[in-house]
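Visitor: I am new to this structure and would like a close look at a single part, the surroundings of the ligand. Please take me through that part.

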Amino acid sequence: MLKINENYLKLPGSYLFSTIAKKVSAYQEAHPEKKIIRLGIGDVTRPLTPTVISALHSAVDEMAEAATFRGYAPDLGYEFLRNAIADNEYKARGCDIKADEIFVSDGAKCDSGNIQEVFSLDNKIAVCDPVYPVYVDSNVMAGRTGLYSEESGKFENVIYMPCLEENGFAPEFPEEVPDIIYLCFPNNPTGAAITKEGLQGWVDYANKNGSVILYDAAYEAYISEPGIPHTIYECDGARTCAIELRSFSKNAGFTGVRLGYTVVPKDLVRGGVDIHSLWARRHGTKYNGAPYIVQRAGEAIYSEQGKEEIKGLVSYYMRNAQYILDGLKKAGYSVSGGVNAPYIWLKAPDGMNSWEFFDYLLEELNIVGTPGSGFGPAGEGYFRLTAFGTYENTVEAVDRIINR
Ligand code: MLT
């Protein structure tokens, strides 16, 4: 008799952002006259930049001519894009990453969910708490975790590394050594950054223990302070222990276009096997490549004009972050993040828990944010606001909170 993958049944409720979307839709349906401001999911609101649009148009025109038409993309991505990434993201920062160590994909969410497939189910994962839910949920689906406990808000067989105000929202080395360590910096959801020295500590720890770090650097474009690494490969020894996940969504506004990449250095070897060849095998079998048109759009962000435009997008959102930070501080909130990341992390006021504050903001002020507890038990009592709204809506939302 057919059996389903029962690991899926271990997952409580639906995906965090789907749950929120449903709640917001129900509220809007009941109150169609209310103007709801959405600062929940980290989805961009600025349009694609002129250089990107022009690259998209040219690529579409190429697809209309027999001489320039393209069918399946190469499994691992077009050379033109992989070279542009290697030169601009790595070589320019003095990092030794070659174009053939870059795997182009349709976004970091898929890669961060799928990458665990190349590792045995016997491995134990460690995650920051709070954490981007995809890392944990994808391991649950694969069967790498035990059951979920309602009481603790945790899955068995997962090492949770609490990131709290007390430790500056930075994970500490766990007592039990994990096989796979998920790190995301600048961090989603707390907006915290890691110093070069701090990240070097993790690289040394992983190399010493034979662990692999899955490093999500989707928000690196938002780093504004010196001494914060833009890529884990700025650290010595990262080539032998780290895989990096990157996205075009948050820097170039590609959330609806879909483009990302994963870097697997050829020196990353475990059990005598290089992980690069496993991920290449997986990519070849299960993936037919991001569309040519989209890869040309990705390439365009590395032109001189493209780079200027991307800087403009990032500063637009960081102006929002500053407005939220200043406004909430003025209103007496305890806030962090928002300096090297487009997320602001705040303490729910008056002893409210995360979902109570969510309901309060939605129902009383018509503002949507993300409850911290949705990212893990250590997020309870916290709340995340995103800087990805329009400036006008951001100002209106913050003013609603201040003037309450
Ligand atoms: C978030 O809001 O955490 C992100 O937008 C989710 C994502 O990038 O998948």
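Guide: This is a predicted model, in which local features need pLDDT of at least 70 and side-chain atom pairs count only at pLDDT 80 or more, while totals for chains, interfaces and linings use all residues. Residues are numbered from 1 along each chain as its sequence is written, and side-chain values use heavy atoms, with hydrogens and water left out.

A polar side-chain atom of Lys 250 lies 2.9 Å from an oxygen atom of the ligand. For Arg 384, a polar side-chain atom is 2.7 Å from a ligand oxygen atom. Gly 42 instead places a backbone N or O atom 2.6 Å from an oxygen atom of the ligand. Each is a polar contact, meaning a pair of N or O atoms within 3.5 Å. Taken alone, the ligand exposes 270 Å², and the protein buries 86% of that; accessible areas come from the Shrake-Rupley method with a 1.4 Å probe.

The residues around the ligand, those with a heavy atom within 4 Å of it, are Phe 17, Ile 41, Gly 42, Lys 109, Tyr 132, Asn 188, Lys 250, Tyr 343 and Arg 384. This shell divides into four nonpolar, two polar and three charged residues. In that division Phe, Ile and Tyr count as nonpolar, Lys and Arg as charged, and Gly as polar.

Asn 188, one of the residues around the ligand, is joined to Pro 189 by a cis peptide bond, with omega near 20 degrees. Most peptide bonds are trans. Pro 189 lies in the loop between strand S7 (180-184) and helix H6 (196-209). Helices (H or I, at least four residues) and strands (E, at least two) are DSSP runs, numbered from the N terminus.

Note on methods
A polar contact is a pair of N or O atoms within 3.5 Å; within protein, one must be able to donate a hydrogen and the other to accept it, and residues adjacent in sequence count only if both atoms are side-chain atoms.
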